[in-house]
Amino acid sequence: ENWEEIVKKANNSELPVSLLDPMAGTFGFYSMLRNFMGTERLSYMFFDDPKLIHDSLDMLTEYALNAFKKVLNDVHLDYYILHEDMCYKAGPLVSPEIFKEFFMPRYRVFIDYLKTGGVKHIMMDTDGNFSKLLPLFVDAGIDSISPCECAADMDVVALRKEYPTLGLMGGIDKRAVAKGGKEMEDELRYKIGKIIDKGRYIPMIDHSIPPDISLECFENYLELKRKCLEHV
């Protein structure tokens, strides 16, 4: 009912504007199928009933293009986060071959639609080790990735070296932050010092803040991060 007010506020905002709430978990193709079927059943269905998966993905693509049309027409958007979580600690939950067959065609249509509609940055949000899928993400039009989990061997320093223009968010080892002291300081100074001056990096804890990080420890982390960034 107050759409015009929302549009005016978004278009006049000095802050980055996103399509959908990034903290609530946004739309993604794999994540939607997994929500429908569960991880194990979906893993079988790529082989047992590929037609159903293709039909479902076509439906999701058509749905997204129609659902986002009015927003793209009315609002200047800075970024969109594809929420997929299609990897775990040891690697992806789908093979590169499955990604190419089932997801790549829909990614191309969807991402082209967003960019044609003025969305500047397309970010992939996936946990775990995404190294085998990253070249395909980039080829599909993804230009940023998060959260770069250290426990899954996703090192932002190595990623920056291999992909100089890829936007990175996260990458600060939550385990080092939980320990505090010198280990936390070494982690922050190393990651920030190595790549922050190259741009396109937002240093953050690599995913949710676990309960073993106390409030005091988190406050110390924020203060130290500020000091590190002041010298950039």
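Colleague: Which residues line the second largest pocket?

Modeller: Its lining is made of Y79, H121, M123, S144, G167, L168, M169, R200, Y201 and I202. A pocket here is an open set of points on a 1 Å grid over the protein atoms alone where a 1.4 Å probe fits, with protein on both sides within 12 Å along at least five of seven lines, and lining residues have an atom within 4 Å of a point. Keep in mind that this is a predicted model: local features need pLDDT of at least 70, side-chain atom pairs count only at pLDDT 80 or more, and totals for chains, interfaces and linings use all residues. Residues are numbered from 1 along each chain as its sequence is written, and side-chain values use heavy atoms, with hydrogens and water left out.

Colleague: OK, and how much space lies in that pocket?

Modeller: About 270 Å³, counted as the space filled by probe spheres set on the points.

Colleague: Which element gives the largest share of the lining?

Modeller: That's β6, with three residues. β4 (121-125), β6 and β7 each supply at least two. Strands are DSSP runs of E, at least two residues long, and helices are runs of H or I, at least four.

Colleague: Tell me about β6, then. Is it mostly covered or mostly open?

Modeller: Mostly covered: six of the six residues in β6 (167-172) are buried, meaning under 20% relative accessible area with a 1.4 Å probe, protein chains only.

Colleague: What does β6 pair with?

Modeller: Strand β5 (residues 144-146) runs parallel to β6, joined by two bridges, and S144 stands opposite G167. Strand β7 (residues 201-205) is parallel to β6 too, with five bridges, and there M169 faces I202. Strands pair if DSSP finds at least two bridges between them.

Colleague: Switching topic, how many aromatic pairs are there?

Modeller: The structure holds 15; rings of Phe, Tyr and Trp (its six-membered ring) pair if their centres lie within 6.5 Å, and planes under 30 degrees apart count as stacked, over 60 as edge-to-face and the rest as tilted. One of them is F27 with F68, edge-to-face at 6.4 Å centre to centre and 85° between the planes.

Colleague: Why does that pair tie together separate parts?

Modeller: F27 lies in the loop between α1 (3-11) and α2 (29-37) and F68 in the loop between α4 (50-67) and α5 (69-74), so the pair links parts 41 residues apart in sequence. Both F27 and F68 are buried.

Conventions: Buried < 20%, exposed > 50% of the residue type's maximum accessible area, 1.4 Å probe, protein only.
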